[in-house]
Amino acid sequence: MSLKRKAADLAAADAKKPKANGSITAFFGQPKPVAGTASTNPAKGPVPSKFDKDAWVAKLSDEQKELLKLEIETLHESWLAQLKDEVVTKEFLELKRFLKKEIESGKKVFPPLEDVYSWSRHTPLPTVKAVILGQDPYHNYNQAHGLCFSVRPPTPAPPSLQNIYKALKKDYPDFQPPPKNGGLLTPWADRGVLLLNTCLTVRAHEANSHSGKGWERFTQKVIDTVVKNRSNGVVFLAWGTPAAKRVQSVSSKHLVLKSVHPSPLSAARGFFDCGHFKKANEWLVEKYGPDGAIDWNLNVAPEDAGI
């Protein structure tokens, strides 16, 4: 039976129970190609020019094809078209060799491999309205699934995410969190909120174990890609000093909102009253009209959240 799965299946799987890690070279389904026409939503950008992925792959060496299977098969084509030069750098290939060695030595890695790039499939580049920056993925079971701060049901919302809900409630008193104290943020991602961690993988139960291995350079390229390609302007929500450092060079055509991190250790020092969610929408509406606003509510039926 073929292991290929369509991108729609992968996106739906983003909210399901994670599977055990397989080989780093496991073959995942091909992402949905970028459409041929631009969105009618003014808050969405023009569709990138046609990217001939097959021709690009054909030029890769056999080792590159093996090391980059995950990127070739699960990174949404709108992102791969912009990041194709970065993933063949010696730094990124060394990162992929490190991950391959981790898994082949029996280390458990989170999120499950098919979820590492779920942010790209839920939020293709032309749909990005806002960017929320996280740090390290959650490192326990049934938590990380490729979207920062987000966890799958039935895992309850972690403390930082609960504090995000409290801040949202102050901006929008009618805000509703996910059912059953949940923490699934896929509705935000599907509405144009890029939920990006600085580091995209972690060894099970060992926080920051994959930091400094190369993900930071790659995710900075993702941020730079948004800055360059979403030229009409997006909102960056940078919470905490590490996130603030990542957006230092963002140009003034974008809106950068900074605050302390929502962690229980720092949230009381200004996060609850930062007003970022309302400020983001006010700016987006001014920029794009009513269609630019983000619906922050999360009380979505499981079938509508991709479960």
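Phe149 sits in the loop that runs between strand 2 and helix 8. The model is predicted. In this model Phe149 has a positive phi of about 70 degrees, although Phe149 is not a glycine. Most residues other than glycine have a negative phi, and most peptide bonds are trans.

The loop between strand 2 and helix 8 also holds Pro154. The peptide bond leading from Pro153 to Pro154 is cis, and its omega is near 10 degrees. A cis bond is also found from Phe110 to Pro111, with omega near -5 degrees. Pro111 belongs to the loop between strand 1 (109–110) and helix 7 (118–122).

Asp136 is another residue of the loop between strand 2 (130–134) and helix 8 (159–171). In the UniProt record, an unreviewed entry, the annotation "active site" covers Asp136. What does Asp136 touch, not counting residues up to four places away in sequence? Its contacts are Asn197, Cys199, Thr201, Val202, Ala207 and Asn208. For Asn208 there is a polar contact to report: the side chain of Asp136 reaches the backbone nitrogen of Asn208 at 2.6 Å.

| Helix pair | Angle | Axis separation |
|---|---|---|
| Helix 6 (residues 90–104) and helix 10 (residues 215–229) | about 125 degrees | 9 Å |
| Helix 8 and helix 12 (residues 276–288) | about 55 degrees | 7 Å |

Helix 6 and helix 10 pack at an angle of about 125 degrees, and helix 6 is therefore oblique to helix 10. The crossing of these two helices, helix 6 and helix 10, is left-handed. On the helix 6 side, the residues in contact are Glu91, Phe92, Leu95 and Leu99, and they meet Trp215, Arg217 and Phe218 of helix 10. By class, this contact of helix 6 with helix 10 comprises five nonpolar and two charged residues, with no polar ones.

Which residues of helix 8 meet helix 12? They are Ile164, Ala167, Leu168 and Asp171, and their partners in helix 12 are His276, Phe277 and Lys278. The contact of helix 8 with helix 12 divides into four nonpolar residues, one polar residue and two charged residues.

Definitions and conventions: Residues are numbered from 1 along each chain as its sequence is written. This is a predicted model: local features need pLDDT of at least 70, side-chain atom pairs count only at pLDDT 80 or more; totals for chains, interfaces and linings use all residues. Side-chain values use heavy atoms; hydrogens and water are left out. Axes are lines fitted to C-alpha atoms, for helices over the stretch in contact, and angles run from 0 to 180 degrees between N-to-C directions. Helices (H or I, at least four residues) and strands (E, at least two) are DSSP runs, numbered from the N terminus. Angles under 35 degrees count as roughly parallel, over 145 as roughly antiparallel, 65 to 115 as roughly perpendicular and the rest as oblique. A crossing is left-handed if the near helix is turned anticlockwise from the far one by less than a right angle, and right-handed if clockwise. Contact means heavy atoms within 4.5 Å. Ala, Val, Leu, Ile, Met, Phe, Trp, Tyr, Cys and Pro count as nonpolar, Asp, Glu, Lys and Arg as charged, and the others, Gly among them, as polar. UniProt positions are given in the numbering used here, feature names are shortened, and annotations may be inferred rather than shown by experiment. A polar contact is a pair of N or O atoms within 3.5 Å; within protein, one must be able to donate a hydrogen and the other to accept it, and residues adjacent in sequence count only if both atoms are side-chain atoms.
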